Each structure stands twice: as C-alpha cells, then as structure tokens.
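I'm opening my notebook on a structure that is new to me. I'll jot down what I look up, one topic at a time.

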Amino acid sequence: MICVEYLRCTVLIVLTMNICAQKTKSDTMLNAKNVNGPLQNIQKTQSIKQETSLNSNDKNIMELNAYNSVTLLPNRSVCGLLSDEERIFGGESTDIDEFPWLARIKYVLDSGKEVYACAGSLITQNYVLTAAHCVVNLTIKEVRLGDWNTETETDCQGRVCSDPAVDVSVSQVKIFPEYRKSDTFKGDVALLRLQKPIYYSDFVRPICLPITDDTIRQDNSSKSIYWTAGWGKTENENKANIKQKLAISAVPIGDCRNKQPIITDKTAPFVICAGGVAGKDTCVGDSGGSLVKQMTINKTTNWFLVGVTSYGYRFCGSEGRPGLYARITPLLHWILNNIED
C-alpha cells in the first residue's frame with residue numbers, strides 16, 4: 001500500500017519543473033517529510049503562523065456560537081446553495097455555476113515560474129480553507145475564484161457566461177498547529193487570508209460550515225454520500241480543463257484503518273474515509289479541495305464542507321483504496337478562533 005498526499009497527484013503536470021522530487025520511506029510508504037522536495041528552499045512571502053490550538057474535545061459544540069467570528073460566516077441564504085439543476089454523477093463535468101466555492105491556488109517556483117496545483121474552499125469573504133500540506137514550505141502568490149474552464153478567459157456554457165475569474169493575493173497563511181508532516185492525518189488544514197474581501201456572485205459563493213448540532217451529527221455517518229470537485233485527472237489520466245465532479249460513499253473508519261493502517265487511534269477522529277471504487281476517486285479533485293455533503297435543515301438543503309482532500313492511494317481510483325480527508329468538525333473551534341473581519 002502506498003499512501004500519498006493528493007498534492008503529489010495534482011502536481012504531476014509540473015514534475016519537469018522539479019516541483020516534487022520525492023523519495024520513498026520504504027517499499028510501501030512515502031516519507032511525508034520529503035514530499036515537497038526542492039520547494040522547501042523557497043522564500044515565502046506570506047506571514048505564516050502556527051496558531052494556538054484549542055482542544056475541541058473539551059468544548060461543547062454549543063460553544064461554537066460563543067465565538068464572535070460566527071457572525072463572519074455566511075448564512076444559509078448565501079452559502080452552499082444548490083444550483084438550479086443539480087446533476088451529480090460519477091466523474092462528469094460540472095455546470096458552470098456548480099461548486100462556486102472552489103478556489104485554485106497559484107504558486108511561485110524557485111525559477112520564478114507560476115503554476116496552479118492545490119485547491120481550497122471559500123468559507124468567508126476573507127478566507128479560503130485548504131490543506132496544510134499545500135502551504136508548508138511553499139510560496140503562494142494568489143488564489144483564483146470563479147474559474148470553470150481553465151483554458152478560456154471567458155467561460156460560457158450554452159447561453160450562460162460567467163463573470164471573469166477573480167484573482168486575489170494571499171496576505172497570510174495560518175496552519176493548524178498540531179499538523180506535522182510526520183503525523184499528517186491530524187489536522188491537515190490551513191487558512192489563507194485574502195488581501196481583499198471577495199464579493200459574492202452566482203459563480204463565486206462560499207461553502208457552509210457545519211457549526212450546528214444538526215449538521216455536525218451528519219458529517220460522517222457510515223451511509224454518507226459526499227461530493228468532490230476540481231480539475232484533477234479524468235478517467236483518461238488527463239488533467240481536466242473543465243471543473244469535474246464526483247460522488248463518493250463513506251467508508252467506515254474501522255474498514256478504512258484495515259486498508260490504511262497508518263491511521264492511528266489518535267488521528268482517526270480527524271479523518272473521513274471515502275471512495276475506493278475502481279475508476280472513481282479524488283483524482284477528479286485537487287489536493288486541499290472540498291469534500292462536501294448536502295444536508296437538509298428545516299426543509300432547506302445546502303452544501304456543507306465536511307472534509308479537505310488530504311491523502312490517498314498512490315494509484316488514484318484503485319478498487320478498495322479509499323481516499324483520506326481532513327475532517328472539519330474537530331477543527332471548528334480552531335477555525336472560528338482564527339478568522340477575522
């Protein structure tokens with residue numbers, strides 16, 4: 001079994017630029033400490049902070065509403081809205097207005113070349129949530145929101161054309177403090193502070209966070225169906241130009257640990273396992289991208305962010321090899337404690 005950060009799948013297109021010089025820890029497991037290779041020497045332009053952690057196990061879920069930052073989160077009339085025609089199947093192109101919270105992250109290499117690799121999710125007008133392994137020892141220039149077709153300046157689907165994509169610089173990076181490359185399954189998340197607020201539109205909207213009892217209880221049941229999206233590999237092993245989407249089923253953590261024994265008792269509560277069906281995996285998505293779920297509260301259905309694309313089997317789409325996602329609910333206190341107006 002070979003388990004790797006999804007970042008390593010998404011940057012295969014720039015391997016010739018030495019974005020990922022990788023070494024194996026053994027015949028079966030890769031050394032996460034070396035995953036970024038030469039990028040470790042890049043001088044970062046952002047202010048990167050390891051913020052003080054909060055022990056969510058000691059806090060009642062109801063205390064989430066005690067954070068002043070809760071008022072910064074978009075309400076359900078704005079976040080995670082279903083598009084007019086939701087048509088989710090395995091591995092197909094999205095409609096132009098689907099998954100409008102998805103952000104592409106642009107990096108600057110040692111050579112000065114700029115490339116897109118990881119993804120993230122817009123959670124407020126000022127913050128994008130992504131994977132910690134997508135920011136450690138890397139230089140991020142900006143994020144792009146509102147993209148659909150990466151090869152066109154103006155995106156159109158039939159008679160519907162989106163607004164131009166929005167590029168905004170990243171002013172600060174906050175990494176979950178308990179994240180370690182050597183123990184990456186615990187809190188593989190980071191916050192990107194945007195240099196200026198984002199204005200919402202039909203094509204740029206935030207995803208809801210599960211901050212209520214009703215939504216938290218639904219985040220990781222054994223019968224959950226999740227969705228992911230991005231510009232990762234298609235079934236033909238090509239990088240997608242148009243944003244793709246994929247439905248994947250939850251895998252019970254016990255079954256997942258049998259297949260991914262590197263998950264420990266300590267890290268299991270921080271992980272969601274999903275997928276593992278041949279030919280259908282988060283190769284469709286991008287490292288740091290969103291794992292979302294539809295939840296209905298008071299007869300209204302929204303999309304909620306429940307996980308961040310983190311690790312997976314080396315050969316994406318392998319039968320019986322589920323992907324691993326950083327679970328959001330144990331990290332909500334940290335997220336709310338670290339977002340500002």
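Which residues have the most contacts inside the largest nonpolar core? I looked that up and got Tyr 107, Ile 123, Leu 129, Val 143, Leu 192 and Ile 335, in a core of 62 residues. Strand E5, residues 114-122, gives the most to this core, with five residues.

Before going on, a note on the ground rules. This is a predicted model, so I'm keeping in mind that local features need pLDDT of at least 70 and side-chain atom pairs count only at pLDDT 80 or more, while totals for chains, interfaces and linings use all residues. Residues are numbered from 1 along each chain as its sequence is written, and side-chain values use heavy atoms, with hydrogens and water left out.

My terms for the core: a nonpolar core is a set of buried Ala, Val, Leu, Ile, Met, Phe, Trp, Tyr and Cys residues joined through side-chain atoms within 4.5 Å. Buried means under 20% relative accessible area, exposed over 50%, and partly exposed in between (1.4 Å probe, protein chains only). Helices (H or I, at least four residues) and strands (E, at least two) are DSSP runs numbered from the N terminus.

**Leu 192 and the second core**

I checked what Leu 192 touches, where contact means heavy atoms within 4.5 Å. Not counting residues up to four places away in sequence, the partners of Leu 192 include Ile 105, Tyr 127, Val 143, Val 170 and Val 173. I also found a second, separate core of 13 residues, and Cys 208, Tyr 226, Leu 291 and Met 295 are among them.

**Ile 248**

Ile 248 is in strand E13, residues 244-249. Is Ile 248 buried or exposed? I noted a relative accessible area of 4%, so Ile 248 is buried. Beyond four places in sequence, Ile 248 is in contact with residues including Tyr 226, Leu 291 and Tyr 325. Ile 225 is another of those contacts; the C-alpha atoms of Ile 248 and Ile 225 are 5.9 Å apart, although 23 residues separate them along the chain.

**Disulfides**

How many disulfides are there? I got four, taking a pair of cysteine sulfur atoms within 2.5 Å as a disulfide.

One of them joins Cys 79 and Cys 208, with sulfur atoms 1.9 Å apart. This link is right-handed, with 95 degrees about the S-S bond. Its two ends lie 129 residues apart, Cys 79 in the loop between E2 and E3 and Cys 208 in the loop between E11 and helix H2. Cys 79 and Cys 208 are both buried.

Cys 118 and Cys 134 form another disulfide, at 2.0 Å between sulfurs. Its S-S torsion is about -75 degrees, so this one is left-handed. Cys 118 is in strand E5, and Cys 134 is in the loop between E6 and E7.

**Aromatic rings**

I searched the whole structure and found five aromatic pairs. Rings of Phe, Tyr and Trp (its six-membered ring) pair if their centres lie within 6.5 Å; planes under 30 degrees apart count as stacked, over 60 as edge-to-face and the rest as tilted. The Trp 101 and Trp 303 planes are at 55 degrees with centres 6.3 Å apart, so I logged that pair as tilted. Phe 176 and Trp 334 make an edge-to-face pair, at 90 degrees and 5.6 Å between centres.
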